[in-house]
Amino acid sequence: MPGRLLIAGALVRTGDPARPSVEAIGLEADRVAALGSAREVRARLPGAREIHLPGATLLPGLSDSHGHLLDLGQSLALLDLSGLSDPAQLASAVAVAAAEVPEWILGRGWDQSRYPGGAFPDRALLDAAAPGRRVFLERIDGHAALVSSRVLSDAGLLDIADPPGGRILRRADGSPTGVLVDAALEPARSLIPAPAPEALEQLLLAAAQRCAALGLTCVHDAGLDFDSLEALDRLAARGALPVRVYAMIRATDPRAARVRALGPRVGERLTLRCAKLFLDGALGSRGAALFDDYSDEPGNRGLLLCGGELTLALAAWMRAGFQVALHAIGDRANALALDALEQSLGSLPEADRADRRPRLEHAQVLRPMDLPRLVRLGAVASMQPTHATSDMGWAGARLGPQRLRGAYAWRSLLEAGAVLAFGSDFPIETPDPLRGIFAACARQDAGGGPVGGFLPEERLTRAQAIAAYTSGPAWAAFDEARGGRLCEGSRADLSAFSVDLLDAPASELLSARAVLTVVGGRVVHGPAA
Ligand SMILES: [Zn+2]
């Protein structure tokens, strides 16, 4: 059990309007015990261990409201193809890996929009770089993969029609290019051997440690499988998890019904009370479900991953006491998510309808008329600021000017009365919350482009962005009574950074770093962690 800890020398921004900033904070066991001047706090907590952080600014612990721990752990161990600007570089990375790894060559992060001409790569590259090998390379958005001929034939995908909810990209002669989109990539993905239980724990732990080192105290994992959940459970029971995990179970997991029957579990380090369902794919691979055609691909309106059964599924999870989280990117997917929420909530007894806090994961493209509907349903807009700045180069081409106005519209959502919970969707983007706060406020890339920002009317103030990483996620996790701000009795979860996130010039955010992370009164990153 952690003892008494006093942190002084930093500016403490509490997030509590009654007392917005103090000089020092004292922690006792896993709670905030005193706030005030260093002298006051010292008098209240005699014998406390002291940490001095001159020049730093301390905030309530930051949460990432949408990340994928297992994917992050795996990506730390995988071939990293992000940032490559030519398919030839991808091929040489695969050739190097072929000499190093025994069986499957796994990678992720490629993005054809960075390649000259922007065409999707072809499996011929992989077959030449690693002849006869099984290669599976996920696209940056996780909704498409490039696989080798060996994988296509093992998965039985060489000469079949597109499966429902998926697409197999094809060459002029009709043969598959090796790029599989959404449901089409499942037969290939399912061939990849699952890590053994201990390896799974190591992957999850490595990811959680990375998050702690970036100043995060809590991660909302947006879609765990049953095995990962059990591994997290074992880590939590051993006291090994450095950050809190608010888990969503993937509703499509074969054992999800068992989780539902057991009901929600609320714990100190691991809470499972949310189910994640998918409505559509992603915008980059044109899998997001739109009402009208993609502006850059007439005839294509994206993919809908579920139909009329959605309402029943939502109601079943809610009746079992779970929050529901719906992945919705395109305007049609978001509208259908709201329809299904209205219907499923309407099917519950009146007394059970209030305060369900359903979540729209991404809420990326919305029709203007759907903003007030989202607010009326008490839904949380779980959004990822760095998606806007990663997508801004091509989002306008996919959507056209009219629909683009409802894209990444966090300011409009906030002004309509929605609760914003920000995250990164790591490992698609870095879990670094400083990148997210910068993107939310500047709507620019790290180089400062475009001048004035992308759709600048949707920029947030620094205070609004910080709230979307602190009080917003606490609300989204039903944890606002204990988390999301620093006051006496609240959770001893805090994040300290080398600059004042509220006031520092935007450019300084990108070179700032997390200097201390405390979870439940225990230092998990920083001095004497
Ligand atoms: Zn995600």
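Two strands are taken to pair if DSSP finds at least two bridges between them, and strands (E, at least two residues) and helices (H or I, at least four residues) are DSSP runs numbered from the N terminus. The model is a predicted one, in which local features need pLDDT of at least 70 and side-chain atom pairs count only at pLDDT 80 or more, while totals for chains, interfaces and linings use all residues. Residues are numbered from 1 along each chain as its sequence is written, and side-chain values use heavy atoms, with hydrogens and water left out.

An open sheet of 6 strands has mixed pairing and runs in the order β3-β2-β7-β22-β23-β24. Strands β3 (21-22) and β24 (522-525) stand at its edges with a single partner strand each, so one side of each is left without a neighbour in the sheet. Within the sheet, strand β22 (residues 494-497) runs antiparallel to strand β23 (residues 514-519), and 4 bridges join the two. The bridge partner of F497 in β23 is A514.

Next comes the metal site. The zinc ion is coordinated by H66 (NE2), H68 (NE2) and D425 (OD) at 2.1 to 2.2 Å. Donors are N, O and S atoms within 2.8 Å of the metal (3.2 Å for Na, K and Ca), and sites may look incomplete because water is not among the atoms. In sequence, the donor residues follow the spacing H-x1-H-x356-D.

Helix α10 (residues 309-319) packs against helix α11 (residues 331-346) at an angle of about 50°, with their axes 8 Å apart; axes are lines fitted to C-alpha atoms, for helices over the stretch in contact, and angles run from 0 to 180 degrees between N-to-C directions. That angle makes α10 oblique to α11, since angles under 35 degrees count as roughly parallel, over 145 as roughly antiparallel, 65 to 115 as roughly perpendicular and the rest as oblique. In this pair, L310, T311, L314, A315 and M318 of α10 meet A340, L341, Q343, S344 and L345 of α11. A313, also in helix α10, counts as partly exposed at 23% relative accessibility. For the second pair, α16 and helix α17 (residues 462-469) pack at about 140° with their axes 9 Å apart, and are therefore oblique to each other. Here P433, G436, I437, A440 and C441 of α16 meet R462, A465, I466 and Y469 of α17.

Note on methods:
Contact means heavy atoms within 4.5 Å. Buried means under 20% relative accessible area, exposed over 50%, partly exposed in between (1.4 Å probe, protein chains only).
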